[in-house]
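Biologist: Could you take me through the terms used for this model, one by one? I'd like to see what stands behind each of them.

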Amino acid sequence: MTISKQQNGKALTLALEGRLDTVTAPELEKELRASTAAIDTLTLDFAKLDYISSAGLRVLLSAHKEMSAKGGLKIQHVNEIVQEVFEVTGFGDILTIE
Amino acid sequence: MIKIEHLKKEYPNVTPLKDVSVEIRDGDVISVIGPSGTGKSTLLRCINLLEKPTEGHIWIDDVEITDRKCNINKIRQKMGMVFQSFNLFGHLTVIENIMLSPMDLKGVSRQEAYDRGMELLRMVGLAEKALNYPDELSGGQKQRIAIARTLAMDPDIILLDEPTSALDPTMVGEVQAVIRELAKTGKTMMIVTHEMNFARAISTRVFFMDEGGIYEDGTPEQIFEHPQRENTRRFIRRLKVLELSIESRDYDFLGMAGQISAYCNKNQITPRMANRIQLVFEEAMQNLLPALKEPRVQAVIEYAEQSESAEWTLRYGGERLDVTASSDELSLSVLRGMTQEIAYAWEDGAELPNALHLKIRNA
């Protein structure tokens, strides 16, 4: 998985590419830990994300909790394969997906 | 009766038949099925000595044909062979093709050979083509002539080596219809075929060939409905199989994900289904591995093309351990969402007694 960062003042966008799974989820977790304290809004761009497993969902959930006290977490450009995982786990209702 | 004992056929770089022993009773109509390269045609060709067996013995009735002193030409008169590629003589008319062997080998008179030949041509529906040359006929017609020619020798045993596989699909039916009639005459028949419905309809017995021999021998009902052995089941259901072996907690997850992805691509599994297959593997392993004392798991994914259904089977050792009892709710919800059925079984006495079947959702 590759993560591309784009920061605009207190708004951070991370574009993920590839697979968010058992092996790669810790990378995203580390990236978020390093940056969430200094930002208000977080956007995750999933346009190039092919795959997500529960390990990835767990990272999203903790980011969602952390950001909900601030400007929130938005997820963009979710493809139908990832969307299916959101739906069966109820994440579609919890997260802000556009 | 044909009796085969410890038949082996070896070529310089491959051994299609390792050790075949079987008895074929008079009147058996046997379909020989199985994957390519498993010795189906070789078995047939050994029975009439078109191929010389490397080892072993074959008896036709009470004559050992693998005995050097045996007069094979005499034995071959009892056996007719129908080939994939017809093998008719191009310079002879249809009726001459049929009359040739009875006159040359059996000393039948010209008139008698002609009368019988015409009778056989009527039987295969081609009497009006008697004076045509083979080149003037379609593939299906040529093969029906070839069958008539075989019958002209009035053989006790008829061997058919993929008789319809060289034909245009529109002509398969007419040849199968002739063979179907033949199967009712009480002659002993062996037919190598890839047409499963046909095999099932005409035969009284089926040989499934694999692993260098007759892997399973049974009635059509057993072989097609209740195959007893693993490879038969996979072949009959046209299952595409990938086996993965996990030996450590630090197994090569990425490598295996790559293998699963290649397997899905190769078998043209839809991206949605492929994703579910990947997810079910990851989530199941995620739940299993931390709970296992000895991290050894055999994972097998099977995909049935016809029904577009896929199923993981994970086998592992240790105590009884059902993944659905895991406390990782998030992972379980992914697992449940991607499957239509999760079944856990304990197989007493097996090396890896825990068996988890995860049927992938396909809607």
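Modeller: Strand 3 of chain A, helix 2 (residues 54–68) of chain A and strand 4 of chain A form a right-handed β-α-β unit. This is a predicted model, where local features need pLDDT of at least 70, side-chain atom pairs count only at pLDDT 80 or more, and totals for chains, interfaces and linings use all residues. Residues are numbered from 1 along each chain as its sequence is written, while chains are lettered from A and ligands numbered from 1 in the order in which they are written.

Biologist: Why is the β-α-β unit called right-handed?

Modeller: Because, with the strands pointing away from the viewer, the path from the first strand over the helix to the second runs clockwise. Helices (H or I, at least four residues) and strands (E, at least two) are DSSP runs, numbered from the N terminus.

Biologist: How do you know that strand 3 and strand 4 of chain A pair?

Modeller: Pairing asks for at least two bridges found by DSSP between two strands. Four bridges join strand 3 (residues 41–52) of chain A to strand 4 of chain A, so they pair, and they run parallel. Among the partners, T43(A) is bridged to K74(A), and L44(A) stands opposite I75(A).

Biologist: What joins strand 4 of chain A to strand 5 of chain A?

Modeller: Two bridges, again with parallel strands. Here I75(A) stands opposite I97(A).

Biologist: What makes strand 1 and strand 5 of chain A edge strands?

Modeller: The open sheet has five strands in the order 1-2-3-4-5 (chain A), with mixed pairing. Strand 1 (2–8) and strand 5 of chain A each pair on one side only.

Biologist: How does the span of helix 4 of chain B compare with the expected one?

Modeller: Its 14 residues (110–123) reach 20 Å from first C-alpha to last, close to the 20 Å expected. The expected span is 1.5 Å times one less than the number of residues.

Biologist: Why are its buried residues on the same side of helix 4 of chain B?

Modeller: A113(B), G117(B), L120(B) and L121(B) are buried. They cover an arc of only 100° around the axis, so they share one side of helix 4 of chain B; the arc is taken from the directions from the helix axis to the C-beta atoms.

Conventions:
A residue is buried if 20 or more other C-beta atoms lie within 10 Å of its own, exposed if 12 or fewer, and partly exposed in between; C-beta atoms are placed from the backbone.
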